Amino acid sequence: MADGRIGRRAFPKRLQVRRMVALTIITLNLVGLGLAQALAAEGAMAADKAAYLTRPPEDEVIYFLLPDRFENGDPSNDRGGLSGGPLQTGYDPTQKGFYLGGDLKGVLSRLDYIQGLGATAIWLAPVFKNKPVQGPPGHESAGYHGYWITDFTDVDPHFGTKADLKALVDAAHSRGMKVYLDIVVNHTADIIKYRECAGAQCVYRSEADYPYSTKGGVNGAPINVGFEGVDKAHQTLENFSKLTRPDYAYTPYVPAGEEHAKTPGWLNDPIYYHNRGQTTYRGESGLNGDFSGLDDLFTENPRVVQGFIDIYGAWIDAFGIDGYRIDTARHVNAEFWQAFIPAMLARAKAKGIENFHIFGEVADPDPAVLARFTHDDAYPAVLDLALQAKLSDVLIRDAPTLELATLFADDVLFKGGAEAALHLPTFISNHDMGRFAFAIRKAHPKMASAEVMRRVVLGYAFLFFSRGQPIIYAGDEQGFVGLGDDQAARQPLFASKVASYNSQALLGTSSTTAQANFNPDHPIYRALAQMAAVRRADRALRRGLQTVRAAGDGPGLFALSRRVPGEAGETLIVFNTSDRPITGQIRIDYASADWISEHGACAPHASAPGSYGVKLGALDYLVCRSAGRGQKP
Ligand SMILES: [Ca+2]
Ligand SMILES: [Ca+2]
Ligand SMILES: [Ca+2]
């Protein structure tokens, strides 16, 4: 879940005279490693069942799916054990804002498909029990996405059971794959209401205008006598024992019949929430305000901190999962993360999970903002929204490739610098912002499908071969496009009954979302599987630090060398972001005389010491490897 600002960011319109270039249908370059070899490597890896535990985060290729939108392995749970219509059960397979029927058994049944794509880790959107339906009359939607949690200790019955999750995690581990859970601590479902107002009318009431010390504003009656506020020095159980009245700003209440809606039970007490009204996503309200009524937790309170350490520690203990993607990270105070994140890492370590991965969602394209969360907020990593924004500029709006050089130079901002940047999960599409293919279509409505597909594939090549772990958003590999962000970008891979999804042509296939799309021969699936095989076979593409070798004032060449410190040789990745063929010379290490192709047609020898000639088709890329001085690659 993002705060929406990024998702609604308008793409600048610009007139473009597109060069008439014959873009042939993507011809997959299967020179080098083939899919069969890649699968054989997977088999070897599976033989050593604990090998996955030794893999650092930068080795992973992440497949991100919403359990409701992937595969329906058990029609008997589609209504989550509830009875009635869509507004009671949350299930309506014809509406994109309701449960469509996917579940954890479905994911289990498709592990071959996910692994065949080259993914090594699965990021599941939240699996915890949600409020099935919420929203004002006429605008209801369901918790199919998982971000409206009521029971943090159980699996949503629409998705199955804890036993189903255990079976899935164990099966993934036995294949050498990891499972990351998506977790929320910023808010729960919308249960708490205010006496004074409803919905969007509940404007944010600040700490200055409505201090904790008086009821309903600075001139109100004294309450919470002795409470010293929420500054770090006062975040103690002793101080919070004096915060007994939650009605300093609004008068919160739990509607009749919902007094025990949440689990664990302490979550039902309004004292553990900020109760200050709606967030504007900015400033103080960005931390303490409610997202569309979702109850914003009082995360400065040590009781809340310990409560969430207990909740999410238990999932590590019981399931041996491999990491957490943390929702809405920027909407929780830094002190919470400073306690919570080390506690999760310690919990995992005690379970033998040395490479437990934690990455936060900070919905901001500014690398400085992202990096701050690796310093003040103790995050080992954050989702790389900055790279997503720059790749959109470069691959959709023909921005200069120098913008990517600037972005990568900013890796120094992350705590731990360029090495820490290896831990950033990277993406071009997601469930909030929408798919890259949609963004291309929006900017270029008349672009041929073959070119849209080529740009999507090139976008993924940037993810697979520059620093960080590539995230494949489920459906991209089947040519899904979508008609917007959020709900409009959450098409299921199993056969859909949602008319708006099914009305749209997909890229690279004559299929639509009205049919199941688990096609391992889809050209994008094959392209990504081949990228994953190349990445797996060359350590430098996973663990190597980057040197920008070429960048320019317009679209065209962009090149990176990746080298593992202390190891000889370099792997050169060259991209052509322009829609015409291009040739050029790339600056290289003077020791890199002899080269082999890992993808595309790489010249076998340097043109001269320190310079390498490249030739690329429109929107294409090369991956070339030199073993170093005197070494045959
Ligand atoms: Ca189902
Ligand atoms: Ca908050
Ligand atoms: Ca609420």
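**Notes on the aromatic rings**

1. Start with a charge over a ring: arginine 69 lies over the face of tyrosine 144, at 3.9 Å from the ring centre. Arginine 110 does likewise, with its charged end over the ring of phenylalanine 518, 3.7 Å from the centre. (The rule: NZ of Lys or CZ of Arg within 6 Å of the ring centre and within 35 degrees of the ring normal.)

2. Before going on, this is a predicted model, where local features need pLDDT of at least 70, side-chain atom pairs count only at pLDDT 80 or more, and totals for chains, interfaces and linings use all residues. Residues are numbered from 1 along each chain as its sequence is written, and side-chain values use heavy atoms, leaving out hydrogens and water.

3. Now ring against ring. Rings of Phe, Tyr and Trp (its six-membered ring) pair if their centres lie within 6.5 Å; planes under 30 degrees apart are stacked, over 60 edge-to-face, and the rest tilted. That gives 40 aromatic pairs.

4. One of them is tilted: phenylalanine 70 and tyrosine 113, 6.3 Å centre to centre with 50° between the planes. Phenylalanine 70 lies in the loop between strand S1 (62–65) and helix H3 (86–89) and tyrosine 113 in helix H5 (residues 111–116), so the pair ties together parts 43 residues apart in sequence. (Helices, H or I, of at least four residues and strands, E, of at least two are DSSP runs, numbered from the N terminus.)

5. Buried or exposed, phenylalanine 70? Buried, at 0% relative accessibility; tyrosine 113 is buried too, at 6%. (Buried is under 20% relative accessible area, exposed over 50%, partly exposed in between, with a 1.4 Å probe and protein chains only.)

How values were computed. Chains lettered and ligands numbered in written order.
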